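Visitor: I should like to examine this structure with you, one question at a time. Please show me the sequence and the model.

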Amino acid sequence: MSSETVGDKELMATLGVGDVTALGELARRHQDRILSLAYRFLGRWDLAEDIGQETFLRAWKAARHYTPKAKFTTWLSSIAINLCVDEQRRLMRSARPWQNLEPDSQVEWDCNGAEKRELVGIVQTAIMELSERQRLAVILHRYNGLSHSEISEATGWSKSAVESLLVRAYANLRNKLDKIKDFAE
Amino acid sequence: MEHIKDIELIEYVGGTLAAGRHRQLQKHITVCEGCAERCQQMLATWDTLDNWDVDTAAHSIAGRIETLAAADKLAKRRFRTDYLPRARLLILAFRVAASIIIGIGFGYMLARWIVPQQPPATAASTDAPKYVDALGLEWSNGFVWSVLDEPQPEKDKEQAQ
């Protein structure tokens, strides 16, 4: 049986009995999702990598007692979300007025041309300017493809709170992104 | 039909509604100008957000995680084989030492209980001056005369000798 055919829950069971190769396989499968979530939320690759690493190491520690109640990806996302929120609060506490907390430069993006880079920058800034909860809700919904129920499970918020946050977040984004209507059309 | 709720409009644009509901909303949008405009705005926002794609290829962490996990497992194994037996031996030594200390203490207490203590040797004298008690001195033997001004009676001298 190839590793691709083995489900995430089976890999967690294997990891639970001490086979660490299963951890590498899980990381390969889900690192994109976790890294992009952390990067979009925190805006820095160094922090996103740390969060990604810590997420999988925590999953490993929890493997022995892991009981699949929700989808594995939702459970894994919930670990990453908690770490991201903690990190964000740590950054806010330790921030000094003269420190630059701007997200990583757009130079890292694989964009074609200055126009595209500018567009990405505006979208990124619009999302980063949202409140912590609205930003998290939009990232999970729009980019990680989680349903309202899954966002509710991953964050611990009620489903109605998630829906309310999404409506407000998309309305705020619409207002912020109005200035780049020309790009979108 | 009522206007489409904001949250349903988001899901309609995202294409995550059930097929039946999607068709219902589609039909409504064709006849409701207000909802059609809202739908266009939401679609524009949705598509603009699509531009922020993240390339994680340069930030792979799978290899690092495997290395960390393998190192941790090795450290645990080394702890089990190298340090754990020594720690167990140390705990055993402590237990033996504690047993010995408790045994000695218990034996001492038992000996004190079995062998009755001798009362302090005191020689009572009937000729104690009355003010000795008032001074807080014990009338036991001839030593008290050394601190008193009065001469020691001959009877007490003999008794002390």
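Visitor: At roughly what angle do the axes of helix H6 (residues 132–143) of chain A and H8(A) cross?
Guide: In this predicted model, local features need pLDDT of at least 70 and side-chain atom pairs count only at pLDDT 80 or more, while totals for chains, interfaces and linings use all residues. Residues are numbered from 1 along each chain as its sequence is written, and chains are lettered from A and ligands numbered from 1 in the order in which they are written. Axes are lines fitted to C-alpha atoms, for helices over the stretch in contact, with angles running from 0 to 180 degrees between N-to-C directions. The axes of H6(A) and H8(A) come within 9 Å, and their crossing angle is roughly 95°.

Visitor: How are H6(A) and H8(A) described relative to each other?
Guide: Angles under 35 degrees count as roughly parallel, over 145 as roughly antiparallel, 65 to 115 as roughly perpendicular and the rest as oblique. H6(A) and H8(A) are therefore roughly perpendicular.

Visitor: By class, how many residues in the contact of H6(A) with H8(A) are nonpolar?
Guide: Residues are in contact if their C-beta atoms, placed from the backbone, lie within 7 Å. Those of H6(A) include Ala137(A) and Val138(A), and those of H8(A) include Leu165(A) and Leu166(A). Ala, Val, Leu, Ile, Met, Phe, Trp, Tyr, Cys and Pro count as nonpolar, Asp, Glu, Lys and Arg as charged, and the others, Gly among them, as polar. The contact has three polar and two charged residues, and the number of nonpolar ones is seven.

Visitor: At about what angle does helix H7 (residues 148–155) of chain A pack with H8(A)?
Guide: The axes of H7(A) and H8(A) lie 9 Å apart. These two helices are therefore roughly perpendicular to each other. The packing angle is about 110°.

Visitor: Which residues of H8(A) make the contact with H7(A)?
Guide: From H7(A), the contact is made by His148(A), Ser149(A), Ile151(A) and Ser152(A). From H8(A), it is made by Lys159(A), Val162(A) and Glu163(A).

Visitor: Which helix gives the most to the side of chain A that touches chain B?
Guide: Helices here are DSSP runs (H or I, at least four residues), numbered from the N terminus. In total, 37 residues of chain A are in contact with 27 residues of chain B. Among the elements that give two or more residues to this side of chain A are H2 (21–42), H3 (45–62) and H8 (159–177) of chain A. The most, ten residues, comes from H2(A).

Visitor: Which helix of chain A do the buried residues of H1(B) pack against?
Guide: A residue is buried if 20 or more other C-beta atoms lie within 10 Å of its own, exposed if 12 or fewer, and partly exposed in between, with C-beta atoms placed from the backbone. In helix H1 (residues 6–14) of chain B, the buried residues are Leu9(B), Ile10(B), Glu11(B), Tyr12(B) and Val13(B). They pack against H2 and helix H3 (33–49) of chain B, together with H8 of chain A.

Visitor: Is Thr45(B) buried or exposed?
Guide: Thr45(B) is found in helix H3 of chain B. Leaving aside neighbours within four places in sequence, Thr45(B) is in contact with Tyr170(A), Leu173(A), Arg174(A) and Leu177(A). With 25 other C-beta atoms within 10 Å, Thr45(B) is buried.

Visitor: How many of the 13 residues of H2(B) are buried?
Guide: The end C-alpha atoms of H2(B) are 19 Å apart. H2(B) lies largely in the open, because its number of buried residues is one.

Note on methods:
Contact = placed C-beta atoms within 7 Å. Expected span 1.5 Å × (residues − 1).
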